[in-house]
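Dear colleague,

Please find below the structure that I am handing over to you. My notes on it follow.

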Amino acid sequence: MMIITEVSSQRAMPVIVQRVEPSDFKDITKRQFFFRWDQLKGEADLYKLTFEDSPVILGLIALVDVPSEYRIEIKLIAVSNENRGRLKKYEGIAGCLIAYAAREALKKYDRLACISLTPKTELRRHYITKYGMKTAGQQVYAENENLWELIETYDI
């Protein structure tokens with residue numbers, strides 16, 4: 001079970017990851033999620049993070065499978081506008097989405113699995129320190145035990 005934390009009360013809240021449905025795109029605005037997610041249709045598999053009992057989308061991730069490299073690339077990841085920065089309502093959204101990518105990579109590629117992403121320059125250090133990723137040129141990545149650590153942290 002995946003858990004995020006309500007910042008004000010420190011209460012654990014169960015969440016789930018599901019595929020984005022065509023009907024979801026009416027709620028996935030650039031203002032709310034900072035990108036035109038509809039442009040990734042057909043290029044990546046799109047997933048949303050929601051509460052178990054609510055259709056409200058808390059975060060999104062776009063995954064691209066790279067079988068020749070035993071890797072799943074995080075093409076794009078975003079947390080909803082109200083869950084960013086110091087005044088965010090919930091914490092752990094991005095971590096849950098990254099852990100989901102890690103779990104999918106391990107299911108598909110077992111001990112050879114890897115996840116990667118190309119972060120914006122200002123977020124590079126964040127992915128390394130918060131999620132234990134390593135640097136590889138422009139990308140950061142996680143493999144081996146780091147994938148399991150992500151899952152153990154965010155997918156209880």
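In these notes, a residue is called buried under 20% relative accessible area, exposed over 50% and partly exposed in between, with a 1.4 Å probe and protein chains only. The model is predicted, so local features need pLDDT of at least 70 and side-chain atom pairs count only at pLDDT 80 or more, while totals for chains, interfaces and linings use all residues. Residues are numbered from 1 along each chain as its sequence is written, and side-chain values use heavy atoms, with hydrogens and water left out.

Salt bridges come first. Side chains of opposite charge can pair when their charged atoms come close. The rule applied here asks for a side-chain nitrogen of Lys or Arg within 4 Å of a carboxyl oxygen of Asp or Glu, and it gives eleven salt bridges.

One of them joins Glu43 and Lys75 (3.5 Å, N to O). Glu43 lies in the loop between helix H1 (30-33) and strand E3 (45-51), and Lys75 in strand E5, so this pair ties together parts that are 32 residues apart in sequence. Helices (H or I, at least four residues) and strands (E, at least two) are DSSP runs, numbered from the N terminus. Lys75 is partly exposed, at 40% relative accessible area, and Glu43 is partly exposed at 42%.

Strand E5 (residues 71-79) also holds Glu73. The side chain of Glu73 forms a salt bridge with that of Arg71 (3.9 Å, N to O), and both residues are buried. Glu69, Arg71 and Glu73 are linked in a network of salt bridges.

Yours sincerely
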